[in-house]
2 protein chains.
Amino acid sequence: MRNADVYVYRTPVWVRSYASCVGKKENEGPLGGRFDVFTEDDRFGQETWEQAERQMVLTSLGRAVEKAHLDKGDVGCVLGGDLLNQCVSTSFAVRELGSRFFGLYGACSTMAESLVLGAALIDAGLEDTALCTASSHFCTAERQYRFPLEYGGQRPPTAQWTATASGTVLLSREKTGRVAVTKGLCGRIFDPGVTDGANMGAAMAQAAFESLRAYFGSTGERPSDFDLIVTGDLASVGRELVLELAKDDGLPLGSNYTDCGLLLYDRDRQDVHAGGSGCGCSAAVLCGYLLPELEKGTFRKVLFAGTGALLSPLTTNQGESIPGICHVVCLEVM
Amino acid sequence: MRNADVYVYRTPVWVRSYASCVGKKENEGPLGGRFDVFTEDDRFGQETWEQAERQMVLTSLGRAVEKAHLDKGDVGCVLGGDLLNQCVSTSFAVRELGSRFFGLYGACSTMAESLVLGAALIDAGLEDTALCTASSHFCTAERQYRFPLEYGGQRPPTAQWTATASGTVLLSREKTGRVAVTKGLCGRIFDPGVTDGANMGAAMAQAAFESLRAYFGSTGERPSDFDLIVTGDLASVGRELVLELAKDDGLPLGSNYTDCGLLLYDRDRQDVHAGGSGCGCSAAVLCGYLLPELEKGTFRKVLFAGTGALLSPLTTNQGESIPGICHVVCLEVM
């Protein structure tokens, strides 16, 4: 059923397994050692960056299926996407898996979007299991959105670093663990008029705030009910703006509010400017940190708010501002 | 519930309204005069082709809402996408509408994908209404996928013409008309190894056949139960291949099988080579022809099989083959 803007699933939709696969820099960050697979070679043994990203997606999909003790033929459907034009990393990876496939595009909000929709399909009784996935690769994204890597373009302090990372969650109707998706919110698009493609945190902050406000307004829950509220990926600039918007509105976001773009890298030690970004950033933080800590009981209730900047290089070059969106998922230990 | 590969919605999901908006060439074709809005100016009064496509999407979204006698604030959510990198036509249009938004990418299968998922959300009781939409514009697609318009590139006979068209269907839990979505199928990816980006019908034909075979195999229905079985968009090359595959397999596809890419244009009179393509082709054929004829009772049962080629120019340039997908929707008069 729906409570104002929020989907309340009739029964909890269980997280049966999850897996993450990341690059070298991501494994050198504060969450290093927590990912299922990491590589010293960001090419993942492939000839092109695009094949590398595809290989990374396939690895996280396959590992999630393996950890659930399923055969790939048993998987209901895959919901997911990535940043590449026409979402080719995900579709080429799913081609190898052979599952039914819903392609999504939510920019960096794709992981949350896939969970909201995957849980809905299970809630409707239409699927028993759903693989939700998102990914990004620094080298494919950089040349598609900005400059060839060899150019060595300068980046302003507001820029974010696209994570080389993929995360996959296998949702299930059957209870097999203790963590569940209990609620979801499909976001609206907000556009505060930012035209600088190197400041996406600022472009997405309003959407994040509006979706959080809608979530709390609809459910009657309070930010203090959560052990952690995590947007992803606003990084330092966007997170500050969300805190300001919340303060002005009287929404008491406190020290339990953080952002995946700040969790993945150590900004003092790693050259990532404002922090991490890319569909894979929040996906890998979810699968490498949030879900394991929920399983351990460190957290009992986490609000995962995936934020996406719905621009293309062409819209930015044409002088358009950057629309933002934020989808929200409530994860609980039950 | 799910019957093998097919979603069987518990109660019919009603088509409350629908609208189409097309360009000059599309309105000069066999379906001319059947679309809600058409233009003599493919720029839709805008400065750029991208703004034109966006305006066309917004027109079909707005017209569908208007025909349902709703305010745009009453709409549950929008599910949809287009062919442009990062699906910017749809997201920029939805920004103006203010609805909750799930961005999808299914290439030319997007209209069918949005109906399968939109009906699922209503079936789950999570939405009362859902706007399902897809679009494409010849001029934005041509320069993104192939060559600048001014170049006047030669096209082989297997090439298809990207439709300048947008279609939107407003699905509703409440019965307000007589046409309903009763079943849906999420497709698997098939790749017969075609590497020629100018022969997408051949690349998608196997996916279309496999999804049709899965649909009939799961439901026990026969092709002859349908007044029309419509793939979209395989055009002449792909349709022939589907017929061959069906014949080899013993699936009796007959004269009630056609393709949206063949319905939209007159191949003798209009310079479209193998036929139409683009997300907007099947969307506009659905909203300008199939749904009106179902409402009138000309057809009582139509199988709408949206086909997509999940390539990007980059994958084709890198020598990769083209994965195809096909999502299926059963539309019935009830």
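**Questions about a predicted two-chain model**

Visitor: What should I keep in mind about numbering and thresholds?
Guide: This is a predicted model, in which local features need pLDDT of at least 70 and side-chain atom pairs count only at pLDDT 80 or more, while totals for chains, interfaces and linings use all residues. Side-chain values use heavy atoms, with hydrogens and water left out; chains are lettered from A and ligands numbered from 1 in the order in which they are written, and residues are numbered along each chain, as its sequence is written, from 1.

Visitor: Is A:Glu127 buried or exposed?
Guide: Buried means under 20% relative accessible area, exposed over 50%, and partly exposed in between, with a 1.4 Å probe and protein chains only. B:Arg2 is partly exposed, at 29%. With a relative accessibility of 0%, A:Glu127 counts as buried.

Visitor: Which residue forms a salt bridge with A:Arg2 at 3.5 Å?
Guide: The closest N and O atoms are 3.5 Å apart, and the partner of A:Arg2 is B:Glu127. This pair crosses between chains, from strand β1 (residues 2-3) of chain A to the loop between α4 (110-123) and β6 (129-136) of chain B.

Visitor: Which residues are linked with A:Arg2 in a network of salt bridges?
Guide: Over all chains, the count comes to 50 salt bridges. The network around A:Arg2 takes in A:Asp5, A:Arg188, B:Arg100, B:Glu127, B:Asp128 and B:Arg173.

Visitor: How many residues apart are B:Arg213 and B:Asp249?
Guide: These two form a salt bridge, with their closest N and O atoms 2.8 Å apart. The pair links distant parts of the chain, helix α6 (residues 200-219) and helix α7 (residues 235-249) of chain B, and the separation is 36 residues.

Visitor: What is omega for the cis peptide bond between A:Gly232 and A:Asp233?
Guide: Most residues other than glycine have a negative phi, and most peptide bonds are trans. A:Asp233 lies in the loop between β10 (228-232) and α7 (235-249) of chain A. In chain B, a cis bond joins B:Gly232 and B:Asp233 with omega about 10°. For A:Gly232 and A:Asp233, omega is about 15°.

Visitor: What phi does A:Phe44 have?
Guide: A:Phe44 is in the loop between β3 (37-38) and α2 (49-67) of chain A, and at 13% relative accessibility it counts as buried. B:Phe44 also has a positive phi, near 45°. Although A:Phe44 is not a glycine, its phi is positive, about 45°.

Visitor: How many of the 10 residues of helix α3 (residues 88-97) of chain B are buried?
Guide: Among the buried residues are B:Val88, B:Phe92, B:Val94 and B:Leu97. Their cover, counted by contact (heavy atoms within 4.5 Å), includes α10 (313-317) of chain A and β4 (77-82) of chain B. The helix is mostly covered, the buried count being nine.

Visitor: What is the radius of gyration of chain A?
Guide: Chain A has 10 helices and 14 strands. The radius is taken over C-alpha atoms, and the globule rule is 2.2 Å times the number of residues to the power 0.38. That rule gives 20 Å for 334 residues, and chain A is as compact as a globular protein of that length because its radius is close to this, at 18 Å.

Key: Helix = DSSP H or I, 4+ residues; strand = E, 2+ residues; numbered from the N terminus. Salt bridge = Lys/Arg side-chain N within 4 Å of Asp/Glu carboxyl O.
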